[in-house]
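Open the model in your viewer and keep the selection tool at hand. The tour goes stop by stop: what to select, then what to look for.

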Amino acid sequence: MRHLFVMGLALVLAAPAVYARAIPKPNQRHAPGNESPQTPIAQAGYSVGVNYQLQCAGCHLPDGTGSAANDTPRLTGFVGNFLKVPGGREFLVRVPGMSQSALNNAQLADLLNWLIREDGMAGKSTPAHYQPYSADEIAQLRHETMLNLPGTRAELIKAMRAQGIAIDDGMHY
Ligand code: HEC
């Protein structure tokens, strides 16, 4: 009985060492072209378009049309309307896809300004006179958590309706 216990204990203690030696193999090499660690996106210096494809398109789709089936609103031709209602400017930064993305503040500011430009996804939905976002503004806003996202968004949509703005965000109500 005692023998069994000691043997069992020895096996349990030896197991991690066996695995540690087996994976990865001691002389395993990186695949060709993969020798250096990946650069984090916040330091990679990609263009805004590439940052959008890497960080946003998975949900909002490459052309920004979104997906009602996945509760993801359309940005194309709509997102600029948020700048027409009080609180909308802050909302655009605080939505989790934005504030919690892996992009740094300057990259997020560039990305948002790219989205809301008339020749960007927002198209004609952006008001004629608006202030572009700065990295400082993003830094300040992104760390304040939005506690009630659906409620906040619903209020903003209500304020848009009151201004006679068509709610063309691709969602089903
Ligand atoms: C995991 C899926 C997902 C990712 C990734 C994502 N989003 Fe979103 N986004 C959503 C959803 C869902 C909403 C609707 C509000 C909510 O529930 O968060 C939303 C809302 C928004 C809004 C507000 C528009 C509105 O009509 O409510 C903007 C602007 C936005 N996202 C931009 C971005 C950008 C830019 C990125 C990339 C940096 C991004 N999102 C990444 C899912 C995502």
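**Stop 1: Gln-107**

This is a predicted model. Gln-107 itself belongs to helix α7, which covers residues 105-116. Is Gln-107 buried or exposed? Its relative accessibility is 11%, so Gln-107 counts as buried; the cut-off for buried is under 20%. Now follow the side chain. It reaches the backbone oxygen of Ile-41 at 3.2 Å.

**Stop 2**

The space it takes is the largest pocket. Which elements give two or more residues to the shell around it? They are α4 (57-60), α5 (88-94), α6 (96-99), α7 and α9 (149-162). Colour α6 separately: the largest share of the shell, 3 residues, comes from this helix.

Now show the residues around the ligand. There are 20, and Cys-56, Cys-59, His-60, Met-98 and Arg-153 come nearest. By class, the shell divides into 14 nonpolar, 4 polar and 2 charged residues.

- His-60: an N or O atom of its side chain is 2.9 Å from a nitrogen atom of the ligand.
- Arg-153: an N or O atom of its side chain is 2.5 Å from an oxygen atom of the ligand.

**Stop 2: the loop between α4 and α5**

Start with Leu-61, placed in the loop between α4 and α5. Check its backbone torsions. Leu-61 has a positive phi of about 75° although it is not a glycine. Most residues other than glycine have a negative phi.

Go on to Gly-64, in the loop between α4 and α5. How much relative accessible area does Gly-64 have? The value is 0%, so Gly-64 is buried. Show what it touches. Not counting residues up to four places away in sequence, the list is Tyr-52, Arg-74, Leu-75, Thr-76 and Met-121. Then draw a distance from the C-alpha of Gly-64 to that of Ala-122. These two are 58 residues apart in sequence and 9.3 Å apart in space.

Finish the loop at Asp-71, which is also placed between α4 and α5. Here phi is positive again, about 60°, although Asp-71 is not a glycine. Asp-71 is exposed, because its relative accessible area is 61% and the cut-off for exposed is over 50%.

**Stop 3: Thr-126**

Move to the loop between α7 and α8, where Thr-126 has its place. Where does its side chain reach? It reaches the backbone oxygen of Ile-116, at 2.6 Å. Ile-116 is also among the contacts of Thr-126, together with Gly-80, Leu-83 and Lys-84, once neighbours within four places in sequence are left aside. With 12% relative accessibility, Thr-126 counts as buried.

**Stop 4: Met-146**

Select Met-146, in the loop between α8 (135-142) and α9. Which residues does Met-146 touch, not counting those up to four places away in sequence? They are Phe-91, Arg-94, Val-95 and Thr-152. Met-146 is buried, with a relative accessible area of 15%. Now pick the C-alpha atoms of Met-146 and Gly-97. They are 49 residues apart along the chain and separated by 12 Å.

**Stop 5: Pro-24**

Find it in the loop between α1 (2-22) and α2 (41-44). Is Pro-24 buried or exposed? At 52% relative accessibility, Pro-24 counts as exposed. Draw one more C-alpha distance, from Pro-24 to Asn-104. The pair is 80 residues apart along the chain and separated by 33 Å.

Notes. Residues are numbered from 1 along each chain as its sequence is written. This is a predicted model: local features need pLDDT of at least 70, side-chain atom pairs count only at pLDDT 80 or more; totals for chains, interfaces and linings use all residues. Side-chain values use heavy atoms; hydrogens and water are left out. Helices (H or I, at least four residues) and strands (E, at least two) are DSSP runs, numbered from the N terminus. Buried means under 20% relative accessible area, exposed over 50%, partly exposed in between (1.4 Å probe, protein chains only). A polar contact is a pair of N or O atoms within 3.5 Å; within protein, one must be able to donate a hydrogen and the other to accept it, and residues adjacent in sequence count only if both atoms are side-chain atoms. A residue is near a molecule or strand if one of its heavy atoms lies within 4 Å of it. On a 1 Å grid over the protein atoms alone, a cavity is a set of points where a 1.4 Å probe fits but cannot get out, and a pocket is an open set with protein on both sides within 12 Å along at least five of seven lines; lining residues have an atom within 4 Å of a point. A molecule sits in a cavity or pocket if more than half of its atoms lie within 2 Å of its grid points. Ala, Val, Leu, Ile, Met, Phe, Trp, Tyr, Cys and Pro count as nonpolar, Asp, Glu, Lys and Arg as charged, and the others, Gly among them, as polar. Contact means heavy atoms within 4.5 Å.
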